[in-house]
Each structure stands twice: as structure tokens, then as C-alpha cells.
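Open the structure in your viewer and keep the selection tool at hand. We will go stop by stop.

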Amino acid sequence: MGKRTIIPFGPQHPVLPEPVHLDLVMEDEKVVDVIPSIGYIHRGLEKLVEKKEYTEMVYVIERICGICSFGHGWGASAVIEGALGIEAPARAQYLRTIWHELSRVHSHLLWLGLLADGFGFDSLFMHCWRIREHVLDLFEKTTGGRVIFSVCKVGGVRKDIDAMTLKEIVDTLNSLKPEIEEVAEVFRKDASCRNRMVGVGTLSYDDAVALGAVGPVARGSGVVQDMRLTGAGVYDELGFEPIIETAGDCQARTEVRIREVFQSIELIEKAVAMIPDGPIEVPAKGNVENEFIMRMEQPRGEAFYYAKGAGSKFLERMRVRTPTNQNIPALVHMLKGCDLADVPILVLTIDPCISCTER
Amino acid sequence: MANIKRSPWLLHYDGSSCNGCDIEVLACLTPMYDVERFGIINTGNPKHADIFLVTGSVNAQNESVVRQIYEQMPEPKVVVAIGICANNGGIFRECYNIKGGVDTVIPVDVYVPGCAARPEAIIDGVVKGLGVLAEKRAAMDVKEAIPTNTAKEEA
């Protein structure tokens, strides 16, 4: 046994745009233990329920994270709708599903780029982000924002998308497909990518279940778990099936996300074909008396929302549990025994969103 | 941008933002906006950086990190606060853990508004920061290490 050294990783580290701190306990080049510490982005926004009315709270929750902001807005709206006992109209549900899947496309492309950057493949990073800009343009056209949209509200959505723009969304995404396919082939076949990912950070099915992994991390290890199966949105009507890979290594998790990009494009296409006419919102009035829970599948995995009313315009408690929070035990497990040079790849492989984790 | 003599190197730190402004900072570097064509590089080392981009309202745990990074940067240096949270706390202003704006911790030279700040606005803020950088350099009155062409001719 060699001498043990502790190497600090972060909070300011070039590979991640967000601050996270890990104490890596090293024996020569091998990581033997990891002590994560968080708190650099903790804002305490759940406490804002005391100062913001429930209709305003949606916009606060949306700002938990700038990458899966639409999903958080939807989750917060849906949980408050549930507590109020109202339901958003069908057209609003379809529009929410379309925007949510669009944000999955943009989030996964962003992550693929960051992963490529993580192993030093800069041109691949640039290509992923170049493609992603077209998705952001669609967001800007339909909601007015590039990363923060504020388009979801309690009772429905604030903006409608007309038929012509819906067609444009589908056309744009279909024209992006060959480009995404080209990038995906590099991740799948290029030797420099495979060397860094195949067999690295393997997480077995049993470990994924025992450590409570969620989202693409769990699905990459063969766990059939996707909150889109639980009934939020219109995924039942679209015939949604979760994507599962079984190898459990970095390559499998990447493959899950690549396939999800194409799946999301298909889901959007189906949703645009099936979207009904009708109102896009119902009025949200009265005080919140009850409590309600809601589970949503964010690009990073399961997010859990809880709201409890206090019989007034203000909620008594709002709780959000986010996917990265759930994946940190799996990350610590993966890091033990890896090389120091693989640490950035493994940290990226769970698609960490620190601002979600700490809120 | 003809008056710009040197390409500044940037350092980005997330002082408890929601990620929205951070990915927009990165978007500035990628092909759609591509500031790297002007030689502007996002560096990870504070001692290489001229311009410090801070996003997010600084929280209690981040305060010392932001201050340390700022102190490590060589003079002259410019701080650009990106997004409404970095300007004054924004939507999180009333949170218990929030200091409220980067200027409560370190001096800020340029404020870029927006939630999230758009890449165009961030680039504009950096260009404004270049002006401040030039002023600061002039005020320091340092001798240039590499003689310019005009200096050679005079000699």
C-alpha cells in the first residue's frame, strides 16, 4: 500500500462550468476514496415560498437550473395544479410535452459537447454546441427566451404555438438529424472516444438500484426507470418506451443519451401530428389547501416535487429533489478505483447539475 | 473593435447562479458567436486571466472563493457581472443564503443585465470591459516588456 495523498478537485475547475468540490484520496495514480462537499450554489430558494405567492413560485422553481428550466417550471406548475385540484387543458399538455422534449434535445447535445471537451476533443464539442444553437433558436421563436422561458404557469401555458411554427419545429429537427447522426457516429466509433469510455466507470445493475441512481445513469445500467411512464404529460398517448442499455459504463450512458435525442425528436413529431385544438390555460384561483406530489423525468433523471398549501396564497412548504442529488452516491462508487486522469470524465458522465443539487 | 490591441483571456466562475448564464458564457465561445476568432480564450487559471466573468448572486460559501480568485488575478483586471443575479441578487435576492450581487464581495466594472443574459449582451459587456482594461493599464503606467514598432523607430 502506497502513501495516501488528498487532491482537492474544484470548486473552480476548468472541466466544469459549475463549482463542486471533491477531496480525492489517492494512492499513487489510483483514487481510493472520494469525499464530495457541496454548498457553493445553495441559495435556499425553497424558503422563498414564504415571500412569493404560488403563481410566482413557478418562476422561482424554474430558475433552479438553467438547463432543465422548462422541466422545473412544468413540475412546479403541475404540483400546484394538483394541490389546487385543477388540470391543464389537453393542448397545454401537448405544448408542455413538445417544449420538454426540445429541452431534452438541447440538454443532451450540451452534455455530449461537455463530455467531448472533458476528454480534450474540442472540435466535437464545438459541433455539438453548433447543432444545439438551432434548438435554442426554436425556443427563442416559440417562448422568447434561449435558456429561461417562463412559459409554463399554474393552469396551463402562457403562449400558444401556431400550426406553421409547429411544422417548422419538426422540419428543423428533421434537418438536424443527419448532423446529429454524424456526431453520434464519432462518439460510437472513434477510437479516441472509445478508449476513454468503454469499460470506464462501470456501474452494475445491482449497484445502480442499491445506490438509487436515476435517469440515464440508471438506464445505462439496465434499470427500467423513466418517470415519463408515470402519466405526466401525454407520453402514454405518444406510445413512449424508455431507452435501456445494459453495459453500465461511460459508453452505455452516452449511448442512452444519444438515442434519447432521436427519441425526443420522434416524440415531438408525433405530438405535433396529434395536438388537439382548444384552450391553453384554465384560471388558477383560490387558496391552496391540500398537499400534492409529482414526479417528472428531467434530462438528468427523476425530479420529485412536493407542495403543501397553508390555506392562503402562500404555500407552507415546497420541496424539490433533483436528479444529480440522487446520482452523487453512484458517482462516488464509480470514482473509487479509477485513475486520476479519468476523474473529469466520470464526474461528467452523471451529467452533474450542481445548481439543481443544491438549489 | 479596431482599437483593441490585445486579445483578453477570460476566467469564468459560477458564484451560485442557476447555470443559465454559465451556458450562455460558453455559448459565446462556440461556433454561433465564436469569440475565439478574436483570440479570446476561456482559461481555467486565474493568473492567466484579464477579465473575470462572474455569474450568480454570491452565497456565503462562495464568497471566499470569489475573493481568492479575484486576488490571484494579475493587475490590471476587470470584473464583469453577468446576469441580474450577479448585478443585485435578482430573483434570489431575498434568499437567506445570498449576499446579493457580486459587488458586495469584489469591485465590479461592468454590469450585464438579463435573465439569462444573452450571448450578445455578454460579448458587449466584455467589449466594454476592454475599454476599462485599457484605462486601468494606462493608469498603471507600466513599461511594456516587448517594445512596439514605434518605440523601435524612435530609438
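A crossing of two helices is left-handed if the near helix is turned anticlockwise from the far one by less than a right angle, and right-handed if clockwise. Keep that in mind for the first stop. One caution before we start: this is a predicted model.

**Stop 1: two helices in chain A**

Select residues 90-118 of chain A, which is helix α3, and residues 122-143 of chain A, which is helix α4. Two packed helices are described by the angle between their axes and the distance between the axes. Here the angle is about 165°, and the axes are 8 Å apart. Angles over 145 degrees count as roughly antiparallel, so α3(A) and α4(A) are roughly antiparallel to each other. α3(A) passes α4(A) in a left-handed crossing.

Show the side chains next. On α3(A), the residues that meet α4(A) include A:Leu102, A:Val105, A:His106, A:Leu109 and A:Gly113. On α4(A), the partners include A:Phe125, A:Cys128, A:Trp129, A:Arg132 and A:Phe139. Which classes of residue make up this contact of α3(A) with α4(A)? Colour by class and count: 15 nonpolar, 2 polar and 3 charged residues.

**Stop 2**

Go to the strands β1, β2 and β3 of chain A. They form an open sheet in the order β1-β2-β3, and the pairing is antiparallel. The edge strands are β1 (4-9) and β3 (30-37) of chain A, and each pairs on one side only. From one strand to the next, the twist averages 25°.

Zoom in on strand β2(A), residues 21-27. It is joined to β3(A) by 7 bridges. Select A:His21 and look across: A:Ser37 in β3(A) stands opposite.

**Stop 3**

Select helix α1 of chain A, residues 54-62. Which of its residues are buried? They are A:Tyr54, A:Met57, A:Val58, A:Val60, A:Ile61 and A:Glu62. Show what surrounds them. The buried residues of α1(A) pack against α2 (69-84), β4 (152-153) and β8 (315-321) of chain A.

**Stop 4: a second sheet in chain A**

Select β6, β7 and β8 of chain A. This is an open sheet of 3 strands in the order β6-β7-β8, with antiparallel pairing. Its edge strands are β6 (291-298) and β8 of chain A. Neighbouring strands here are turned by 15° against each other on average, direction ignored.

Start with the pair β6(A) and β7(A). They are joined by 8 bridges. A:Glu297 stands opposite A:Glu302 in β7(A).

α2(A) lies across β6 and β7 of chain A, running at about 155° to β6(A). Helix α10 of chain A, residues 323-335, also packs on the sheet. α10(A) touches β6, β7 and β8 of chain A, and its direction makes about 130° with that of β7(A).

Move on to strand β7(A), residues 301-309, and β8(A). This pair is antiparallel over 6 bridges. A:Lys308 stands opposite A:Arg317 in β8(A). Follow the chain from β7(A) into β8(A): the two form a hairpin with 5 residues between them. Click A:Gly311 in the turn, which has a positive phi of about 75°.

**Stop 5: chain B**

Chain B has 5 helices and 5 strands. Trace the sequence and the pattern reads β-α-β-β-α-β-α-β-α-α. Of its 155 residues, 49% are buried.

Select α1(B) and helix α4(B), residues 119-140. They pack at an angle of about 75°, with their axes 9 Å apart. α1(B) and α4(B) are therefore roughly perpendicular to each other. B:Glu24, B:Val25, B:Ala27 and B:Cys28 in α1(B) meet B:Pro119, B:Ile122 and B:Ile123 in α4(B). This contact has 6 nonpolar, no polar and 1 charged residues.

**Stop 6: where the chains touch**

Bring chain A back. The contact takes 32 residues from chain B and 33 residues from chain A. On the chain B side, β1 (9-14), α1 (20-29) and α2 (63-72) each supply at least two residues. Which element of chain B gives the most to this side? Select α1(B), with 6 residues. By class, the chain B side divides into 16 nonpolar, 11 polar and 5 charged residues.

Notes. Residues numbered from 1 in each chain as written. Chains lettered and ligands numbered in written order. Predicted model: local features only at pLDDT ≥ 70, side-chain atom pairs only at ≥ 80, totals over all residues. Buried ≥ 20, exposed ≤ 12 C-beta atoms within 10 Å, placed from the backbone. Helix = DSSP H or I, 4+ residues; strand = E, 2+ residues; numbered from the N terminus. Contact = placed C-beta atoms within 7 Å. Pairing = 2+ DSSP bridges. Axes fitted to C-alpha atoms, helices over the stretch in contact; angles between N-to-C directions. Parallel < 35°, antiparallel > 145°, perpendicular 65-115°, else oblique. Nonpolar A, V, L, I, M, F, W, Y, C, P; charged D, E, K, R; others polar.
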